[in-house]
Amino acid sequence: MNSQLLESVSFIKSKITNTPKIALILGSGLGDFGNQLVNKTTIDAKEIPYYPISTVSGHAGKLHFGLLEKNKRQSTELLCFQGRVHFYECNNIHHVVYPINVAIALGVKTLIVTNAAGGINRNFSSGVLMFIRDYINLTGENPLIGNSDPTLIPSPLRGGLGRGGSYFDEQLLENAKSVALKNNISTKEGVYCWTKGPTYESAAEIRMMTTMGADAVGMSTVPEVIVAINNGVKVLGISCITNMATGISATKLSHEEVTETANRVKNDFTKLISEIIFEMG
């Protein structure tokens, strides 16, 4: 562990009493889930040495440690990242994945990544929750390149891919789909495409992504997944389709629409994530 990461982790450990086993990254407009935790310790990212700070609306930059409790049921210990840092904010891929390395150093074994995404699949609509089956990386960036601390990257794909070559854990995905069905929450499944941003994609780019097999597009998530699986962490991904993409949507795209849609579906989102976590034990 490099000295900066060691200092970050040591600071966090001085503030918490229990070790999280599941980490959850809350995407744009989805941060309210962190309010569900009980026995909670909250740390502002600004307090943590060397920790990257988000500058985007809807990303509060807080780390919540605690658990879920419902009808005498308790979940395992959780770490909720209320917001994330995007590549376009810092132009440094290692800043983007720094929170994941923190989570791994704390002992997290399962990662749930969520994001707000634009819908490419014309069978989708604004407000749909999509389980991520696989991804496309159009950025040319990879967090396994150029890391100054080789102990964080023992070898490429150390964690190994699941059956079918997906970075997303097949059993977690099947269990999550079952949870959604049992709770009457409508979901889709598809491929997430990562672009750098911060601009929205052109209509021509969306047509290209459609041809490539993408169902949704966004500006995050993929580097976090790469680092997690490389370190043996199981990953489940969920996109909230907060708008339909350029050339599909009849309206001009805006970040306000993203947060408004996320707010509209937050009850289903919260219930789905909660029940998935309870199912994990």
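Asparagine 121 touches Asp215 and Met244 when residues up to four places away in sequence are not counted, contact meaning heavy atoms within 4.5 Å. This is a predicted model, in which local features need pLDDT of at least 70 and side-chain atom pairs count only at pLDDT 80 or more, while totals for chains, interfaces and linings use all residues. Residues are numbered from 1 along each chain as its sequence is written, and side-chain values use heavy atoms, with hydrogens and water left out. The chain has nine helices and 11 strands, which are DSSP runs numbered from the N terminus (helices: H or I, at least four residues; strands: E, at least two).

**The chain overall**

- Of the 281 residues in the chain, 52% are buried, where buried means under 20% relative accessible area, exposed over 50% and partly exposed in between, for a 1.4 Å probe and protein chains only.
- Taking the contacts in the chain between residues at least 6 apart in sequence, 82% join residues at least 24 apart.

- The N-terminal end of helix 1 is capped by asparagine 2, which has a side-chain oxygen 3.2 Å from the backbone nitrogen of glutamine 4.

**Helix 1 against helix 4**

- The axes of helix 1 and helix 4 come within 10 Å and cross at roughly 60°; axes are lines fitted to C-alpha atoms, for helices over the stretch in contact, and angles run from 0 to 180 degrees between N-to-C directions.
- Helix 1 and helix 4 are therefore oblique to each other, since angles under 35 degrees count as roughly parallel, over 145 as roughly antiparallel, 65 to 115 as roughly perpendicular and the rest as oblique.
- The crossing of helix 1 and helix 4 is right-handed, which applies if the near helix is turned clockwise from the far one by less than a right angle, and left-handed if anticlockwise.
- On the side of helix 1 the contact is made by Gln4, Leu5, Ser8, Val9, Ile12 and Lys13, and on the side of helix 4 by Tyr98, Asn101, Val102, Ala105 and Leu106.
- Tyrosine 98, placed in helix 4, counts as buried because its relative accessibility is 9%.
- Leaving out residues up to four places away in sequence, tyrosine 98 touches Gln4, Leu5, Ser8, Pro49, Tyr50, Tyr51 and Pro52.
- Tyrosine 98 and tyrosine 51 are 47 residues apart along the chain, and their C-alpha atoms are separated by 7.3 Å.

**Helix 5 against helix 9**

- Helix 5 (residues 170–182) and helix 9 (residues 266–280) have axes that come within 9 Å and cross at roughly 125°, and the two helices are therefore oblique to each other.
- Helix 5 and helix 9 meet in a right-handed crossing.
- The residues making the contact are Leu172, Ala176, Val179, Ala180 and Lys182 of helix 5, together with Leu272, Glu275, Ile276, Glu279 and Met280 of helix 9.
- Asparagine 267, also in helix 9, counts as exposed because its relative accessibility is 63%.
- Asparagine 267 and phenylalanine 33 are 234 residues apart in sequence, yet 9.3 Å apart in space, C-alpha to C-alpha.

**Buried residues in loops**

- Asparagine 121 sits in the loop between strand 7 (110–119) and strand 8 (129–137), and counts as buried because its relative accessibility is 19%.
- The side chain of asparagine 121 makes a polar contact of 2.9 Å with the side chain of aspartate 215; a polar contact is a pair of N or O atoms within 3.5 Å, where within protein one must be able to donate a hydrogen and the other to accept it, and residues adjacent in sequence count only if both atoms are side-chain atoms.
- A polar atom of the side chain of asparagine 121 also lies 2.8 Å from the backbone nitrogen of asparagine 123.
- Glycine 107, in the loop between helix 4 and strand 7, counts as buried at 16% relative accessibility.
- Apart from its neighbours within four places in sequence, glycine 107 is in contact with Pro20 and Lys21.

**Serine 239 in strand 11**

- Serine 239 is found in strand 11 (residues 234–244) and is buried, with a relative accessible area of 0%.
- The side chains of serine 239 and asparagine 115 make a polar contact at 2.7 Å.
- With neighbours within four places in sequence left aside, the residues in contact with serine 239 are Asn115, Ala117, Val128, Leu129, Met130, Ile132 and Tyr192.
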